[in-house]
Amino acid sequence: MTAKPTSQASLSKEDLLCPVCCEVFSLPVLLKCGHNSCKECLQKLWEWKGGRQCPVCLTTSSSERPPINLALKIAADMFTKQRTTRGEERPEEEWCRLHNEKLKLFCHNDEEPICVVCQLSNQHKVHVCCPVEEAALEKKIEVSAKLDSLQKHLKLLNKTKEDWEETKNYLKRQADQTERQMKEEFERFHQFLREEEKNRVAKLREEEENKTQVMCMKLEYIKERIAALTDTISQVEKSIRADDVKFLQDYKKTKRRTKGPLGEPECIRGILIDAAKHLQSLKFGIWKKMADIVQWVPITLDPNTAQSNLSFSKEFSMVRYSKKRLLPDNPERLTSRISVLGATGFTSGRHSWTVEVGQSRDWYIGVARESIKRKSTIFLNPAEGFWVIGLCNGETYWAQTSPRTRLDVKRERKPWRITIELDYDRGKVLFLNAVDSTLIHMFREKFTERIFPYFAPGMYEEGNTSRPLTICPLTISIEVLDQIILP
């Protein structure tokens with residue numbers, strides 16, 4: 001409130017209200033910017049904010065002890081005295097505007113305070129009313145309960161905001177890590193292609209060198225023939241130019257020279273670069289050769305569903321228990337169990353994949369439905385949405401039925417690779433020993449939602465990591481079928 005040079009009589013009630021407590025000034029002080037505030041209200045505000053700012057315009061005050069506005073204090077004291085003389089000890093809001101009576105009652109129907117005269121009026125005479133003090137206590141309890149709910153929701157929103165900020169930061173780290181892994185894989189391909197190019201160019205140059213040597217030998221031979229024939233021609237021409245007696249004396253010798261074998265020059269076949277051999281199906285040949293360095297697995301693990309103690313191979317085909325990592329608690333993540341789901345789910349058809357369990361002592365593998373509980377304690381059984389088998393303590397195999405079923409697996413036939421076959425349409429999940437295809441266990445179920453592969457590698461065994469569960473790659477073969485030309 002700015003100080004006014006007008007007389008006290010020209011000040012309205014609004015001019016006498018503190019901008020902090022909204023009550024009539026008790027001890028007003030004048031700030032440098034021209035606004036006023038109760039001294040006590042201003043000191044509390046400054047302590048709370050940790051700075052000396054005006055509560056109206058936020059201008060920073062240069063003084064810790066602003067002066068008292070004496071004229072405004074006299075006007076405020078006079079206004080308070082007049083209210084006391086009129087019996088207005090309480091704020092104006094506590095008086096009925098219609099009947100100028102104190103608001104002593106509360107109407108539950110209209111949910112507003114009223115005076116005694118209002119209660120007798122037609123508007124409120126049939127309404128339920130009670131004293132203001134009683135209603136205030138009841139309504140404060142009611143509002144406090146709602147306030148508690150609002151505060152809890154605010155706390156939840158703040159926690160969610162923190163989680164989302166962490167997720168935003170994690171997105172950058174995850175993208176950078178994924179980019180590095182992608183570049184590493186592409187570098188492997190680039191290296192392979194560079195080596196392949198180098199080898200193929202070397203073979204081309206080797207053919208060039210060999211055939212060039214052949215041509216050099218052929219050229220030397222034909223040069224020798226040319227030189228010999230040139231010499232013969234020169235001698236014959238010289239003999240012909242001689243006189244008759246001399247010519248006839250050398251005739252026999254000259255005749256022998258002209259009878260030498262002439263023969264056609266050699267026709268050299270296959271001397272050019274075999275470009276067709278080097279370029280024939282070049283891309284297909286390289287692609288076929290790449291099968292030696294490329295692996296394909298039918299199932300890829302989804303790190304966004306993994307419990308935070310799990311670590312993976314670069315292409316997410318292997319999982320093991322390791323050191324805890326700081327990961328966002330996104331809705332897809334399994335936090336109730338140390339496990340991970342496959343990246344692809346199935347709603348129909350037949351699917352198969354093989355898991356190398358090796359010498360692991362504890363593990364669970366199988367399938368799970370999409371709607372499993374991921375954040376709370378669960379049991380691995382069909383009722384909870386799991387169809388899995390497992391090994392405990394390196395000795396006992398169990399099918400996680402309800403109750404669970406002990407599997408008859410002989411020690412000498414202990415499987416180190418297990419094939420899982422899912423027949424969604426027929427409602428079957430089979431577990432087979434991958435070595436001899438013997439049946440270990442089979443679940444029957446009518447599936448009604450998307451089903452995902454499920455993996456739990458167990459906890460520590462040696463050192464800081466457990467032995468991994470690995471999805472076995474499939475053999476890649478490239479065949480060219482004979483083309484059938486129809487008439």
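Strands are runs of at least two residues assigned E by DSSP, numbered from the N terminus. In this predicted model, the loop between strand E7 (318-321) and strand E8 (340-341) holds Asn-330. The relative accessibility of Asn-330 is 15%, so the residue counts as buried, the cut-off being under 20%. Two polar contacts of its side chain can be described. One reaches the backbone oxygen of Asn-304 at 3.0 Å, and the other, also of 3.0 Å, is made with the side chain of Arg-333. When residues up to four places away in sequence are left aside, Asn-330 touches Asn-304 and Lys-375.

Confidence in the prediction was examined next. The chain has a mean pLDDT of 86, with 92% of its residues at 70 or more. Over residues 1-9, pLDDT stays under 50. The model has 22 contacts beyond four places in sequence for residues 1-9. Where pLDDT is low, predicted coordinates should not be read in detail.

Helix H1 spans residues 39-49, and its buried residues are Cys-41, Leu-42, Leu-45 and Trp-46. These four lie on the same side of H1, because the arc they cover around the axis is only 130°. An α-helix has 3.6 residues a turn, so residues three or four places apart point the same way. The other side of H1 carries the exposed residues Glu-40, Lys-44, Glu-47 and Trp-48. Among the elements that cover the buried residues of H1 are strand E1 (28-30) and strand E2 (36-38). Just after H1, Gly-50 adopts a positive phi of about 75°.

Within the pair, Arg-406 of E13 stands opposite Trp-398.

E9 runs antiparallel to strand E14 (residues 417-423), and seven bridges join the two. One of the residues involved is His-351, whose bridge partner in E14 is Leu-422. E9 is also joined by two bridges to strand E18 (residues 469-471), again in the antiparallel sense. Here Val-355 has Ile-471 of E18 as its bridge partner.

Thr-354 is a residue of E9. With a relative accessibility of 18%, Thr-354 counts as buried. The side chain of Thr-354 forms a polar contact of 2.9 Å with the side chain of Thr-419. Not counting residues up to four places away in sequence, Thr-354 touches Arg-417, Ile-418, Thr-419, Ala-434, Thr-470, Ile-471 and Cys-472.

Methods
Residues numbered from 1 in each chain as written. Predicted model: local features only at pLDDT ≥ 70, side-chain atom pairs only at ≥ 80, totals over all residues. Heavy atoms only, no water. Pairing = 2+ DSSP bridges. pLDDT = per-residue confidence, 0-100. Contact = heavy atoms within 4.5 Å. Buried < 20%, exposed > 50% of the residue type's maximum accessible area, 1.4 Å probe, protein only. Polar contact = N/O pair within 3.5 Å; in protein donor to acceptor, adjacent residues only side chain to side chain. Arc of directions from axis to C-beta.
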